[in-house]
Amino acid sequence: MEYILHIVIMICIYMVLVLSANLPVGMANLLTMCQAAFYGIGAYIGTFFLMQFDLPFILLAILVMGFTGLFSMIVSYASVKLKNDYFILGTLGFQMIAYTILYNWTDVTRGPYGIPGIPTIKLFGIVELEGVVGYCVLALAVAIVSIWLFRMIKSSPFGRVLKAMRSDELSVRALGRNTTLLKVQTFFISAAFSGLAGLIYSSYVSYVDPTSFTLDESIFIITALFIGGIGNVKGPVLGAVFVVILPELLRFVGLPDAVAANLRQIIYGVALVVVMFVRPQGLLGENSK
């Protein structure tokens, strides 16, 4: 039973990550390669607050989301004026810089040794989450709220402007909208929710180290997004379920761990190529809500 609950928790965490990536990638046409950087920044900021203060979860989540969003402005202000491949390279550079800092700033992050013994989240500053069941309830609640919020964003005037900017940014500028500010706001929201996922992850596993937030993790998140479908809410949810469930299914095949790990990457690549050829819009297209 605990194994199943663990899978549910990881699915919920990746739902939040893929939904957050969908905002810049699927709605604003900003292909970002640094989601794992925000994921890691949120995890380390959350670890700091958990180890230093006894804060209720809501206040802790607000602080982590706010600080991670502020970090996003570093890459957004530097990159949003870039176009196409140059923008992707800008976000890729931020991902590499963030990982390098987390790996080498040993006085703060303990580098490759990681930070063990991270305290559990306290819901009201007093009640600690109890084991897998408590984190499963929390992760489900956060995932459901995130799905609802991103549905609201999609149908809001802000979401409609992002879609218009995706189709024709010049026309949006001609209508008097500040597209640079829109992109910065998009990055802020996306990074904030990625940081929230990092907070839940670090507290759940009670350990955090830089190897969980590499470029491979960013590619993993984007792969889940494109497999599920961009520009909607159901697509990222489906993509998150797919990428989490797939490696678990391989465990029952009886393959050695080394073979299973390589096979998983091959299957992800094949699935992405097939989806791009058969359904370029993903398993669930733009019309899904």
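The model is predicted: local features need pLDDT of at least 70, side-chain atom pairs count only at pLDDT 80 or more, and totals for chains, interfaces and linings use all residues. Residues are numbered from 1 along each chain as its sequence is written, and side-chain values use heavy atoms, with hydrogens and water left out.

Helices here are DSSP runs (H or I, at least four residues), strands are runs of E (at least two), and both are numbered from the N terminus. Two packed helices are described by the angle between their axes and the distance between the axes. Axes are lines fitted to C-alpha atoms, for helices over the stretch in contact, and angles run from 0 to 180 degrees between N-to-C directions.

Helix α1 (residues 2-27) packs on helix α10 (residues 215-228) at about 80°, with the axes 9 Å apart. That makes α1 roughly perpendicular to α10 (65 to 115 degrees; under 35 counts as roughly parallel, over 145 as roughly antiparallel, the rest as oblique). Contact means heavy atoms within 4.5 Å. On the α1 side, Y14, L17, V18, A21, N22 and V25 take part; they meet E217, F220, I221, I222, A224, L225 and F226 of α10. The residues of this contact divide into 11 nonpolar, one polar and one charged. Ala, Val, Leu, Ile, Met, Phe, Trp, Tyr, Cys and Pro count as nonpolar, Asp, Glu, Lys and Arg as charged, and the others, Gly among them, as polar.

α2 also packs on α10, at an angle of about 115° with axes 7 Å apart. These two are therefore roughly perpendicular as well. Q35, A36, A37 and Y39 of α2 meet E217, S218 and I221 of α10. Here the division is four nonpolar, two polar and one charged.

Now the rings. Rings of Phe, Tyr and Trp (its six-membered ring) pair if their centres lie within 6.5 Å; planes under 30 degrees apart count as stacked, over 60 as edge-to-face and the rest as tilted. The count comes to 14 aromatic pairs. Y39 and F213 form an edge-to-face pair, 5.1 Å centre to centre with 90° between the planes. Y39 sits in helix α2, and F213 in the loop between β2 (207-208) and α10, 174 residues apart.

Last, the lining of the second largest pocket. By class, it has 17 nonpolar, three polar and no charged residues. α2 gives the most, with eight residues.
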